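Please find below a colleague's note on the structure shown here.

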Amino acid sequence: MPSYDVVVIGAGAAGLSAGALLAKEGKRVVVLDRSPHLGGRAMAVPDEGFTVNLGGHLIEDGGSGITKVFEHVGKELIHGEVSNDMPIWENGKGWGSIRDRYTDRTELKKVIKALVETPYEELDDWDDRSLREWIHQYTHDQGVVDLFEFISVLECMTDNWYDHSASDNLYVRKMHFEERNTAAYSCWPGQGWDGIWRDLADAVTENGGELRLGTSVERVIIENGAVQGVAVGREPKVLPNEFFEEEILTAPAVISTLPVWNVLDVVPRSALPEWYASQIEFLAQDKFRIAWLGLYLATEEPVTQFHPRELATWTATPSTECSGFMFDQSAMDPSCSPEGTHLHVMGAIIPGAKGRDREWCRATMEAFERDAEVMWPGFAKPIWRRRHLVFEPSFGVIQMPGLVGRYRPHWRAPNVEGLWFASETFRSRGIGTDRAARAALTCVEDYLGGRIPTFGDGWRY
């Protein structure tokens, strides 16, 4: 019966970060994932000469998060091409740059100064209020408000102004202003999305850890309020339908990176306090999922407005109420498409519960694709196309007021010794893969009983 110090469930950004950090600290760790592929929701998939990135499109870390994780485990996260302009689409007006909206930079500077001077712990008090409410303490300049809120559409994929949570958004804005002197910092991983997961996986094994892909965790074993290990599915050896054929991996600690909508499939609900399990179930509702209709279009010429590496956004397309984003992925990484082509990735953000309504999704996707031709005439005749519904697995829990920070389940399971949740759908801060890596760091340091010096005294969640 194999024995470990820690079992990590999931080989995405959080799981690989946790595994690499623990292995570096000399722990006997195994990282398990039911998929044969690395990366979880941020995997890159080859498709007819193109590389389609299913979830994590850009890294939004100024240097203190997932970049530091790589540094600590002996790897380098290469910051490749950086995003540039932000075109904004308005129905009836067309395209304009976000820079044209905040002409009075003194108002923007007032907000930046206030944010940089605000301690992170004070931002925690804004978990249940909107981003606009916080900004209005310092300015009512609509251009400044627009800058922050359109970034929220790109990063947090929320729609209306009252849906943009203050605390979650301001944590990231504060980091980016302090570390990169810009409101938003997005870069392409220089080694590619498949490369960053290979690098982290190598860091796990090179430091003595173990990685097992294609291994499904059936349940976390909890006895007398303490973790004993996990049971993993095993291929039947005699009959094709053997009942509950399992392999037991013993360990006194488990770090799960499963999202709220999957965690109770493997963690016995009866082992958790009712109030805590109910928190998980509340956030796991379909209506709180971030979901979008992904559209990948390839053209022979780039289709952009102001700059090849721009990130375009909008709050509604000509015929739908969907907010969304678009950028030329090939401008970030030419290797993702055949020579002489440009692969553009875009998403129409949809209400999470609509992700189960396939007919609605199909009709909305067709409308969105027609709208794309109106917004960018260059998409009228693409040379390649893929449609992708991002719902299961979902991108995450939507970052609305009352659904972030202290309103999410804590990352340490109450009443269960040795169980942590390093998931961006639990209590965490940040954006995408960086958020997941920071969640992993939080749990690893708690398991170790102290901070890892590489990461200094900066904020943890």
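The points below treat the pockets and then the salt bridges of this predicted model.

1. The largest pocket has a volume of about 1,000 Å³. Its lining comprises 49 residues, and those nearest the centre are Asp33, Gly40, Arg41, Pro259 and Pro393. By class, the lining of the largest pocket consists of 22 nonpolar, 19 polar and eight charged residues.

2. Several elements each contribute at least two residues to the lining of the largest pocket, among them helix H1 (13-24), strand E2 (29-33), strand E14 (289-299) and strand E18 (384-390). Helix H13 (432-448) also belongs to this group, and H13 provides the largest share, four residues.

3. The second largest pocket has a volume of about 760 Å³. It is lined by 40 residues, with Ser83, Met86, Ala184, Tyr185 and Ser186 closest to its centre. Two or more lining residues come from each of helix H3 (105-117), helix H6 (142-156), strand E16 (324-328) and H13. The lining of the second largest pocket divides into 24 nonpolar, ten polar and six charged residues.

4. Turning to charged pairs, the model contains 34 salt bridges. One of them joins the side chains of Asp47 and Arg386, at 2.7 Å from N to O. Arg386 is partly exposed, its relative accessible area being 28%.

5. A salt bridge is also formed by Glu81 and Arg309, whose closest N and O atoms are 3.3 Å apart. Here too distant parts of the chain are linked: Glu81 lies in strand E5 (residues 79-82) and Arg309 in the loop between E14 and strand E15 (312-314), 228 residues apart. Glu81 is partly exposed, with a relative accessible area of 35%, and Arg309 is likewise partly exposed, at 22%.

6. The side chains of Arg406 and Asp125 form a further salt bridge (3.3 Å, N to O). Arg406 sits in the loop between E19 and strand E20 (419-421), and Asp125 in the loop between helix H4 (120-123) and helix H5 (131-135); the two residues are 281 apart and the pair links distant parts of the chain. Arg406 counts as partly exposed at 39% relative accessibility, as does Asp125 at 45%.

7. Which residues are linked with Arg406 and Asp125 in a network of salt bridges? The network also includes Asp124, Asp127, Asp168, Arg429 and Arg435.

How values were computed. Residues numbered from 1 in each chain as written. Predicted model: local features only at pLDDT ≥ 70, side-chain atom pairs only at ≥ 80, totals over all residues. Heavy atoms only, no water. 1 Å grid on protein atoms, 1.4 Å probe; cavity = no way out; pocket = protein on both sides within 12 Å on 5 of 7 lines; lining within 4 Å. Points joined across faces, edges and corners; volume = space filled by probe spheres on them. Nonpolar A, V, L, I, M, F, W, Y, C, P; charged D, E, K, R; others polar. Salt bridge = Lys/Arg side-chain N within 4 Å of Asp/Glu carboxyl O. Buried < 20%, exposed > 50% of the residue type's maximum accessible area, 1.4 Å probe, protein only.
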